[in-house]
Amino acid sequence: MTYEIRLTRDAQGDLQSPAAWYRSQKPGLDSEFLARVSTALDRVQHSPLAYPAMDRDLRQLLLRPYPFTVYFTSTDDAHDVQTLRMPAANMPQSCAHLSE
């Protein structure tokens, strides 16, 4: 079964700062980052139970090789991506609001 993926406003906003930061580091790196996010969301869409549960409904997916974690919740017909977070130790100043 394929589920609908819905990005919350917070999750949409969480993608903007790291994408801009990666773009400032190397042209095209933002596209690579966003492609990795897209691949991760495709995986969640098709196999949501493959990712560890943090709580009853909250699951996480590590966004390798990037230092981010995608957090999502599941319902019977959709997955809501709640947020994208980065461990504080790896964080550039421009992304400080994404700290776990």
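**View 1. What covers the buried residues of helix H2 includes strand S1 (4-7), helix H1, strand S2 (58-62), S3 and S4.** The model is predicted, so local features require pLDDT of at least 70 and side-chain atom pairs count only at pLDDT 80 or more, whereas totals for chains, interfaces and linings use all residues. Residues are numbered from 1 along each chain as its sequence is written, and side-chain values use heavy atoms, with hydrogens and water left out. Helices (H or I, at least four residues) and strands (E, at least two) are DSSP runs numbered from the N terminus. H2 has 18 residues and spans 26 Å from its first C-alpha to its last, close to the expected 26 Å (1.5 Å times one less than the number of residues). Its buried residues (under 20% relative accessible area; exposed is over 50%, partly exposed in between; 1.4 Å probe, protein chains only) are Leu 29, Asp 30, Phe 33, Val 37, Ala 40, Leu 41, Val 44 and Gln 45. These residues lie on the same side of H2, because they cover an arc of only 165° around the axis, an arc being taken over the directions from the helix axis to the C-beta atoms.

**View 2. The largest nonpolar core has 19 residues, and those with the most contacts inside it are Phe 33, Leu 63, Phe 68 and Leu 84.** Two or more residues of this core come from each of helix H1 (9-25), helix H2 (29-46), strand S3 (69-74) and strand S4 (78-85). The contribution of H2, at six residues, is the most that any element gives. A nonpolar core is a set of buried Ala, Val, Leu, Ile, Met, Phe, Trp, Tyr and Cys residues joined through side-chain atoms within 4.5 Å. Once neighbours within four places in sequence are left aside, Phe 33 is in contact (heavy atoms within 4.5 Å) with Leu 15, Pro 18, Ala 19, Tyr 22, Leu 63, Tyr 66, Phe 68 and Leu 84.

**View 3. The buried residues of H1 pack against S1, H2 and S4.** Helix H1 has 17 residues and reaches 26 Å from its first C-alpha to its last, which is close to the 24 Å expected at 1.5 Å a residue. Ala 11, Asp 14, Leu 15, Pro 18, Ala 19 and Tyr 22 are the buried residues of H1. Seen down the axis of H1, these buried residues fall within an arc of 125°, and they therefore line one face of the helix. The face of H1 turned away from that buried side carries the exposed residues Arg 9, Asp 10, Gln 16 and Ser 24.

**View 4. Four strands form an open sheet of mixed pairing in the order S1-S4-S3-S2.** Because S1 and S2 stand at the edges, each with a single partner strand, one side of each is left without a neighbour in the sheet. From one strand to the next, the twist averages 30°, and such angles, from 0 to 180 degrees, are taken between the N-to-C directions of lines fitted to C-alpha atoms, for helices over the stretch in contact. Strands count as paired if DSSP finds at least two bridges between them. S1 and S4 pair in the parallel sense over four bridges, and Leu 7 stands opposite Val 81 in S4. H1 packs on the sheet, where it touches S1 and S4, and its direction makes about 40° with that of S4.

**View 5. Strand S3 is mostly covered, with five of its six residues buried.** S3 pairs with S2 in the antiparallel sense over five bridges, and Leu 62 stands opposite Thr 69 in S3. Six bridges join S3 to S4, which also run antiparallel, and Thr 73 has Asp 80 in S4 as its bridge partner. A hairpin of six residues joins S2 to S3. Pro 65 is placed in the loop between S2 and S3, and the peptide bond from Arg 64 to Pro 65 is cis, with omega near 5°.

**View 6. Gln 60 is found in strand S2, and Ala 53 in the loop between H2 and S2.** Gln 60 is buried, with a relative accessible area of 18%, whereas Ala 53 counts as partly exposed at 44% relative accessibility. Not counting residues up to four places away in sequence, Gln 60 touches Tyr 51, Pro 52, Met 54, Thr 69, Val 70, Tyr 71 and Phe 72. With neighbours within four places likewise left aside, Ala 53 is in contact with Leu 58 and Arg 59. The C-alpha atoms of Ala 53 and Thr 73, which are 20 residues apart along the chain, are separated by 9.2 Å.
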